[in-house]
Amino acid sequence: MGLQELYYLACINCGSKYSPREIIYRCHKCGDLLSVEYEKELMNPEIALKWGARSLSVWRYIELLPINNRGKIVSLGEGGTSLNRCDRLGSHLGLKEVYVKNEGENPTGSFKDRGMTVGVTKAIEMGMKRVACASTGNTSASLAAYAARASMECIVLIPSGKVALGKLVQSMIYGAKVIQVKGNFDDALRMVEGICSSKPIYLLNSINPYRLEGQKTIAFEIWDQLGGKVPDKVIVPVGNAGNISAIWKGFRELHAMGLTDKLPKMIGIQAEGAAPIVNMIKMGLNDIKFVEKPETIATAIRIGSPVNWKKAVKSIKESGGVAETVSDEEILFAQRLLAKMEGIFVEPASAAAIAGLIKLARNGLIEPDDLVVCIATGHGLKDPNIVLKQFKKPVEIEADLSALIKILST
Ligand SMILES: *Cc1c(COP(=O)(O)O)cnc(C)c1O
Ligand SMILES: [Zn+2]
């Protein structure tokens, strides 16, 4: 087509550059992660002049997305999620400005859709016919939907018995080939990386740098929704650690484009039983120690060997942020609190961000005047069982008015 891309892939460790026409997930020279980088001419505030005329969505920012054929985008209307100011929650915690970005509003109910619209569009560009991922549930639900939309075959590997009900049924109804692995997510990811490197199947876990490009639009939208302001702190639940890295990349690009002179501090939250990144940062280690048997009720972040740990640690350190763990009990409490106080029902992994907010506000690591944004990564209906277990069955009455009046007066 004679088209010259304005982006390329670069190794985060040795800096080797690769053509975006090549299907590659790790640096050939050193094996490290890749990142999509843009030519200098795009790092220009004038690019943003085009954004205002488009609705809030992932594709509002198309100039900074690594796509060649704008006519062949695979979309279900992703992004454009609400940024809710939560004054009741804020004042309860002694904080002035707390926002929750509700990623549960995406087409399949999680932020993964932002990555998949870009990733599956890329798979089509590359001429691939099959896509695959390992998943704790949301990645597979999202990939299954976008693969269906693009008439592609989809293979998903999930840890046996550890995927929330809503996520499992999504993958099934969208027509993916669902394979349960008798192991955890980390085992499933190792297997899927193996199959994608030996067969013409496109890998769409967050090791794929194109997916993270879609996810960085969370940062762009926050900046837009705050009227061109950047938060003091952004709190993100961390599993495989792609999303926190993507959001940080988004803010850095806004900065490089001259659209803001400020950057937020990135705060990463992990569950106590699956916290290799938090442990590394808190203990001041230079290398990560993976968790063999990760455990938490927040299945979306039940990951012991986060593939993007290097990017995530860099994001947290470079931004001057912190990392913290929360217990399962704190997660469930935060989930109920957010639902009751603000009308926002999120899944446990997302509630980890709220639990982190509560803990850090109490420890004084979040200042009363800070503008804080919590990323609510997925919808509460994904995992109804976790809620059912905590509540008594609703009362049951006879079908007459007097019974209703009686029950309401007690
Ligand atoms: C995938 C996911 C996460 C973790 O995101 P990473 O990019 O793997 O760190 C958190 N919450 C929900 C709901 C998710 O689906
Ligand atoms: Zn390298």
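A polar contact is a pair of N or O atoms within 3.5 Å; within protein, one must be able to donate a hydrogen and the other to accept it, and residues adjacent in sequence count only if both atoms are side-chain atoms. In this predicted model, local features need pLDDT of at least 70 and side-chain atom pairs count only at pLDDT 80 or more, while totals for chains, interfaces and linings use all residues. Residues are numbered from 1 along each chain as its sequence is written, chains are lettered from A and ligands numbered from 1 in the order in which they are written, and side-chain values use heavy atoms, with hydrogens and water left out.

**Ligand 1**

- A polar side-chain atom of Asn138 lies 2.7 Å from an oxygen atom of ligand 1, and a polar side-chain atom of Lys112 lies 2.6 Å from an oxygen atom of ligand 1.
- Asn243 contributes a backbone N or O atom, which lies 2.8 Å from an oxygen atom of ligand 1.
- The protein buries 97% of the 380 Å² that ligand 1 exposes when taken alone (Shrake-Rupley method, 1.4 Å probe; for residues, only the protein chains shown count as cover).
- There are 16 residues around ligand 1, of which Lys112, Asn138, Ala241, Asn243 and Thr377 come nearest (a residue is near if one of its heavy atoms lies within 4 Å of the molecule or strand).

**Zinc site**

- Cys11, Cys14, Cys27 and Cys30 coordinate the zinc ion (ligand 2) through their SG atoms at 2.3 Å (donors are N, O and S atoms within 2.8 Å of the metal, or 3.2 Å for Na, K and Ca; water is not among the atoms, so sites may look incomplete).
- Along the chain, the donors of the zinc ion (ligand 2) follow the spacing C-x2-C-x12-C-x2-C.
- Cys11, in strand S1 (residues 7-11), and Cys30, in the loop between strand S2 (17-18) and strand S3 (34-38), are 19 residues apart and link distant parts of the chain (helices, H or I, of at least four residues and strands, E, of at least two are DSSP runs, numbered from the N terminus).
- Cys11 is buried at a relative accessible area of 5%, whereas Cys30 is partly exposed at 36% (buried is under 20%, exposed over 50%, partly exposed in between; 1.4 Å probe, protein chains only).

**Positive phi values**

- Most residues other than glycine have a negative phi.
- Ala241, not a glycine, has a positive phi of about 75°; Ala241 lies in the loop between strand S10 (233-237) and helix H8 (242-256) and is buried, at 5% relative accessibility.
- Ser151 has a positive phi near 50°; Ser151 lies in the loop between helix H3 (138-149) and strand S7 (153-159) and is exposed, with a relative accessible area of 70%.
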